[in-house]
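Here are my notes, point by point, for when you have the model open. They go helix pair by helix pair, then residue by residue.

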Amino acid sequence: MRCPNCGEPLTQGAAFCPECGARIRQKTCLHCGAAMAEDADFCPMCGKPPMEQNTMREPEQGMYQRQDTQPFLVQEPATQKKGNGIKIVLIGAVTAVIVVAIVAATFLKISSQKKEAALEAAQQTAQSVDSAADTQEPDDAEQQSEAENDINATDSSIASSSSSTSSAVSDAHAAQRENYQLQIDGLWAEKKSIDKNASSQTELNQLAYANYQHWDTLLNDIYQSIKAELSSSEFETLKKLEKEWIAQRDAQADLDASDWVGGTGYGAVYNGSLAESTGERCQWLVDNYLN
């Protein structure tokens, strides 16, 4: 099979020539249904001459044809449809207006009835109150007087309870101050007895250090008790004062023991100075913050 335009050999069933691009017209063999070139005299598949020169077989009657199953509808004229739509819209609009008017009238009527009922109820309530005030019996007055007396008694009870609470707090503070004062007096007595009880310089140094530790423990205890009673701002002020005092205490101890540096008595003098300053600070805190 060759191209009728340029003579190029073609493959069986080619639709275009690969050399010149010409469209290859074909016809169908009516014996076997094979595709044939336009100029072929015999079928390449069965070898029989074609009976017709049609390029394609005619489809049989009814094949690939759409069956119109839709029923025949009688269409109304466009003008008639438009007129019917306008009538429907007008009827709907009139109906909506009527419904709105009926609803509005009903709402106004119900609202007016509610206002009249509320006004009548208010007038009746006012009349009842006036009547009850005019016909109040002496018993009501007595009951009112008793209620006032109960209120006054309750106020007095609350005031008494508050006073009792304040008194209890004051008593607790007094007991706390007395306890701290006893400890302060005991540590002063302990400090004075150090020289009498020490049998050597080493023991004197140890007793002086122990006495200072006792003072420092008492100072921290007093400090925590005061902290619980103060506000945040007041405590911050006290903390600042304590830091300043600690610096002064240590400087005084260095000064008092400066002549004993390198000697065996340095520890006793240094710790004795710390104990002296700490004892005075304990007494100052009790006198100024626990009164």
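1. Start with H4 and H6. Their axes come within 8 Å and cross at roughly 20°, where axes are lines fitted to C-alpha atoms, for helices over the stretch in contact, and angles run from 0 to 180 degrees between N-to-C directions. That makes H4 roughly parallel to H6; the cut-offs are under 35 degrees for roughly parallel, over 145 for roughly antiparallel, 65 to 115 for roughly perpendicular, and oblique for the rest. The crossing of H4 with H6 is left-handed (near helix turned anticlockwise from the far one by less than a right angle; clockwise would be right-handed). By class, this contact has 16 nonpolar, 7 polar and 2 charged residues. Contact means heavy atoms within 4.5 Å, and the classes are Ala, Val, Leu, Ile, Met, Phe, Trp, Tyr, Cys and Pro as nonpolar, Asp, Glu, Lys and Arg as charged, and the others, Gly among them, as polar.

2. A word on what you're looking at. This is a predicted model, in which local features need pLDDT of at least 70 and side-chain atom pairs count only at pLDDT 80 or more, while totals for chains, interfaces and linings use all residues. Residues are numbered from 1 along each chain as its sequence is written, and side-chain values use heavy atoms, with hydrogens and water left out.

3. The overall layout: the protein chain has 6 helices and 2 strands, running β-β-α-α-α-α-α-α from the N terminus. Helices (H or I, at least four residues) and strands (E, at least two) are DSSP runs, numbered from the N terminus. Of the 291 residues, 19% are buried, with buried meaning under 20% relative accessible area, exposed over 50%, and partly exposed in between (1.4 Å probe, protein chains only). Among contacts with a separation of 6 or more, 46% join residues 24 or more positions apart.

4. Now H4 (residues 201-229) against H5: the axes come within 11 Å and cross at roughly 165°. H4 is therefore roughly antiparallel to H5, and the crossing is right-handed. On the H4 side the contact uses Tyr212, Asp216, Leu219, Tyr223, Ile226 and Lys227, and on the H5 side Phe235, Leu238, Lys239, Glu242, Trp245 and Arg249. Sorted by class, these give 7 nonpolar, no polar and 5 charged residues.

5. H5 (residues 232-256) also packs on H6, at about 150° with the axes 9 Å apart. So H5 is roughly antiparallel to H6, again with a right-handed crossing. The contact of H5 with H6 has 10 nonpolar, 4 polar and 6 charged residues. Leu238, Trp245 and Arg249 are among those on the H5 side, and Tyr266, Tyr270 and Tyr289 are among their partners in H6.

6. Which residues does Arg249 touch, beyond its neighbours within four places in sequence? They are Tyr212, Asp216, Leu274, Ser277 and Thr278. Arg249 lies in H5 and is buried, at 10% relative accessible area. Its C-alpha is 9.5 Å from that of Ala275, a residue 26 positions away in sequence.

7. Val286 is a residue of H6, and it counts as buried at 3% relative accessibility. Leaving aside neighbours within four places in sequence, Val286 contacts Arg177, Tyr180, Ile184, Ile222 and Asn291.

8. Last, the aromatics: the structure holds 4 aromatic pairs, meaning rings of Phe, Tyr and Trp (its six-membered ring) with centres within 6.5 Å, called stacked with planes under 30 degrees apart, edge-to-face over 60 and tilted for the rest. One of them is Tyr266 with Tyr270, stacked at 5.7 Å centre to centre and 15° between the planes. Being 4 residues apart in H6 (residues 266-289), these two tyrosines are separated by about one helical turn. Tyr266 is partly exposed at 29%, and Tyr270 is partly exposed at 21%.

9. Trp284 and Tyr289 form an edge-to-face pair, 6.0 Å centre to centre with 70° between the planes. Trp284 is partly exposed, with a relative accessible area of 33%, and Tyr289 is partly exposed at 27%.
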